[in-house]
Every structure is written in structure tokens, then in C-alpha cells.
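Subject: Structure for you, with notes

Hello,

Here is the structure you were expecting. My notes on what was found in it follow below.

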Amino acid sequence: MTVTAPQGFEAAGVAAGLKSTGNPDVAVVVNRGPRKVGAAVFTTNRAKANPILWSQQAIADRVVEAIVLNSGGANCFTGAFGFQTSHLTAEKAAELLDVSAGDVLVCSTGLIGTGDEAFRARVLEGVERGIAELDADGGQRAAEAIMTTDTVAKTAVISRDGWTIGGMAKGAGMLAPGLATMLVVITTDADLEAVEADAALRRATNVSFDRLDSDGCMSTNDQVTLLANGASGVKPELDEFIAALTELCQDLAGKLQRDAEGASHDITIEVRNAASEDEAVEVGRSVARNNLFKAAIFGNDPNWGRVLAAIGTTSAQFDPYDVDVWMNDVRVCTGGGPDRPREDVDLTPRAMHLVIDLKVGEAGATILTNDLTHDYVHENSAYSS
């Protein structure tokens, strides 16, 4: 169970011919509940795909009846024709569901520049077939339909006293923060006001998807959407809902990290005792985006010098000669100098935990990233073929 775990949601995933593999490539998620609350966050990349431009307009009234997603083509930089495709996609779904097109969100993922006449025809056919196959057990099929270079469908469910949150996500490359870092659909049968849903989603994404920085590349198509329908009849305390939503988002973010393209290490960067949370994030991200550090971890080399060199490029407050660094529970650097021998650090496990103690305050943050591998370079050099 995934996005259809909460009451009052139906979903489907169908193969419309967008993928050469013949795998499912169009997903539809529909809210059948009594309320139609929607919230979304989008990539902050200035180069936005046509579905993002459409969905940003459609979400303005915070009412969402359905969301259509396709893989096999990004519909980005396809001009006015591409925006019309997103519009027509929403109109087709609205016609079949007897709702307003302005209450249908659209998402696409795949190769930038893909979105010609054949693409449009297949998406519209997929919408029609998907809506015909909507089912309360269709969540898994929908999760499979949004996969691109993903090796597994990514889903999560959290249940509380009388209400549930379900989610599905796709993403294995171009994972870097910008309010959203992939395509994610989250559903809940909790009873939420629109302003509460929006606030909860922003709080949750800030400490989950926004802290996933696998390769430093921000996509043009990233969107995280929350649909709430009140079908449970339960109105949880907002803080309780935010905690559960954050847990679900962190679960999905971890699954995205573990499926990152070509990765052989999943790296957790924990920054401690920073002057502020923002500075802790800045320090952690400087290491997450440092190719020398990431290449060292791929080679199982606990090269803590690359950590200090990376954090030294930030504007965060700290003394470079009073920083401690741990790698997999071994303190390799203290006071800006060597501590335990590098031979004491075992980097052969896939999970790698890096701790950076700045010793200037009480704030902290955790960033998730991966190593830089031959397989990552190969996969992305061959992607367009």
C-alpha cells in the first residue's frame, strides 16, 4: 500500500508507450474524499518544466482533485507546445473525472527536450486508460509508473490513531535541494485546513528532501505534493501531523539516497555545534558537493583533509584549527590536526557516517549524500541513449 493506503484515494499506473521498455509510464492519483485540500512545493531552478509552470498556477487556490504524472519524457524546454500539452493533460483528466482542469496537477520526468506530438498523444491516451483503471489498490502500480533510472519503486505509509499518510517517490539522479528534489505524491485522510497542509509540507520537506544532496544537480521538474481529504473524520493536532509527515518524508528521502545512480556508499553528514542551523546546513552541503571527498569515499579512503578543505569554503563561523571529524565512529581529526590512524577507519560498509564538530554553538543539521563512482559517470554519459 502506498498513496492509496489512506481512505478515499484511488490510483493507477499504465503503460502508454513513453518508455521503450514497455513498463508503466503514466500514473494518476485521484482524491475521492470529502475535502480536496492540496499543497505543493517546487524546484527553485529558474529553468522550470512546463508541468511545473502549470501546477504552480493550479495549486494557487489549494484545491486539488487529482494529479497526473508521467515518466519517459520531461516536457521541459518544449516551448508553448509543451505548456499546451500540460494544459491538455489536465483538461483530459478533468473531463473524465468531471472536475475543473484547474484542480488537476501535472508532473513529468525524463529527458529534457522530450515532448513532441507523439509524446502528447501517448500521455493523453495514458490519462484516459489510467482513469479507467483507477482502483483503491492501485498505489503500487502508480509508484512503478513514475520510475526513470530508479531500480525500485519507493513507497511509505504511516498510520496514527484513526488517520494515515501514504507516499510514493521517484528519484535516483539530479537529487539536490530546491524545496523539492524529485517527484513525490503524499496523501492523507486526516482532516486539514489548506493553510495547515501547506505549513506542514514545508516544515517536513525542509528537514527531509531538502537535506538530500546526492549529486548537487537540481532538476527542472521537481515537485512534492500533499493531498488531504478528511475521509478519516479525524483532525489531528498540527504538531502531531507534522511529526508524522516528517517521518514519512525522511523515510522516502532515505530510500531515494539508497537508490542514487551508481552509488556504492550512502553518506550521512552530521554537523554538530554550529552557530545556527543554516550554517550547519551550509557546512554539511559543502562536503556533500565536494567531488574530491566523494571520490575518496568511493575508494574507501578516510581522507579527512578533504572535509576541512570543503568546509573552509563556507561563510559559517568556526575555527578551522579547532574542528573535530569522525568517520564511522573513529575520530580522525581533532583540533584541526590528525587523531586516530586512518587505518582504524573501516569504509567498506555501504553506510558511511561523517560527523563534523564545529565547536561554536548548539545547532546542528544532517545532510544525506552519496559517493562519486565510475558507475555514476557511465550511467549519466549513456542516459540519453
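The helices and strands named here are DSSP runs numbered from the N terminus, a helix having at least four residues and a strand at least two. The model is predicted.

**The cavity**

Rolling a probe the size of a water molecule over the atoms shows where empty space is left. A search of the whole structure turns up one cavity of 30 Å³ or more. The space in the largest cavity comes to about 40 Å³. Four elements, β4 (66-70), α2 (79-97), β5 and α3, each contribute at least two residues to the lining of the largest cavity. The largest contribution is that of α2, with three residues. The lining residues are Val68, Asn70, Asn75, Thr85, Ser86, Thr89, Val106, Ser108, Phe119 and Val123. Sorted by class, that lining has six polar residues, four nonpolar residues and no charged ones.

**Salt bridges**

Side chains of opposite charge can pair when their charged atoms come close. The structure has 22 salt bridges. Some of them are set out here.

Asp191 pairs with Arg35, with 2.7 Å between the closest N and O atoms. This pair joins distant parts of the chain, 156 residues apart: Asp191 is in the loop between β8 (183-188) and α5 (194-206), and Arg35 is in the loop between β2 (26-31) and β3 (37-42). Arg35 has 26% relative accessibility, so it counts as partly exposed.

Asp259 forms a salt bridge with Lys154, and here the closest N and O atoms are 2.7 Å apart. These two also link distant parts of the chain, 105 residues apart, with Asp259 in the loop between α6 (238-258) and β10 (266-274) and Lys154 in strand β6 (residues 154-160). Are the two partners buried or exposed? Buried means under 20% relative accessible area. Asp259 has a relative accessible area of 9%, so it is buried. Lys154 is buried as well, because its relative accessible area is 1%.

Arg340 and Asp344 meet through their side chains in a salt bridge of 3.0 Å, N to O. At 40% relative accessibility Arg340 counts as partly exposed, and Asp344, at 37%, also counts as partly exposed.

There is also a network of salt bridges, which links Asp322, Asp324, Arg331, Asp339 and Lys359.

**Thr314**

Where does Thr314 sit? Its place is in the loop between α9 (304-311) and β11 (324-327). Thr314 has 15% relative accessibility and therefore counts as buried. A polar atom of the Thr314 side chain lies 2.8 Å from the backbone oxygen of Ile311. A polar atom of that side chain also lies 3.4 Å from the backbone nitrogen of Ala316. Which residues does Thr314 contact once its neighbours within four places in sequence are left aside? They are Glu282, Val283 and Ser286.

**Gly110**

Gly110 is in the loop between β5 (104-108) and α3 (117-132). With 21% relative accessibility, Gly110 counts as partly exposed, because the buried class stops under 20%. Along the chain Gly110 and Thr220 are 110 residues apart, while their C-alpha atoms are separated by 10 Å.

Regards

Notes:
Residues are numbered from 1 along each chain as its sequence is written. This is a predicted model: local features need pLDDT of at least 70, side-chain atom pairs count only at pLDDT 80 or more; totals for chains, interfaces and linings use all residues. Side-chain values use heavy atoms; hydrogens and water are left out. Buried means under 20% relative accessible area, exposed over 50%, partly exposed in between (1.4 Å probe, protein chains only). A polar contact is a pair of N or O atoms within 3.5 Å; within protein, one must be able to donate a hydrogen and the other to accept it, and residues adjacent in sequence count only if both atoms are side-chain atoms. Contact means heavy atoms within 4.5 Å. A salt bridge is a side-chain nitrogen of Lys or Arg within 4 Å of a carboxyl oxygen of Asp or Glu. On a 1 Å grid over the protein atoms alone, a cavity is a set of points where a 1.4 Å probe fits but cannot get out, and a pocket is an open set with protein on both sides within 12 Å along at least five of seven lines; lining residues have an atom within 4 Å of a point. Grid points are joined across faces, edges and corners, and a volume is the space filled by probe spheres set on the points. Ala, Val, Leu, Ile, Met, Phe, Trp, Tyr, Cys and Pro count as nonpolar, Asp, Glu, Lys and Arg as charged, and the others, Gly among them, as polar.
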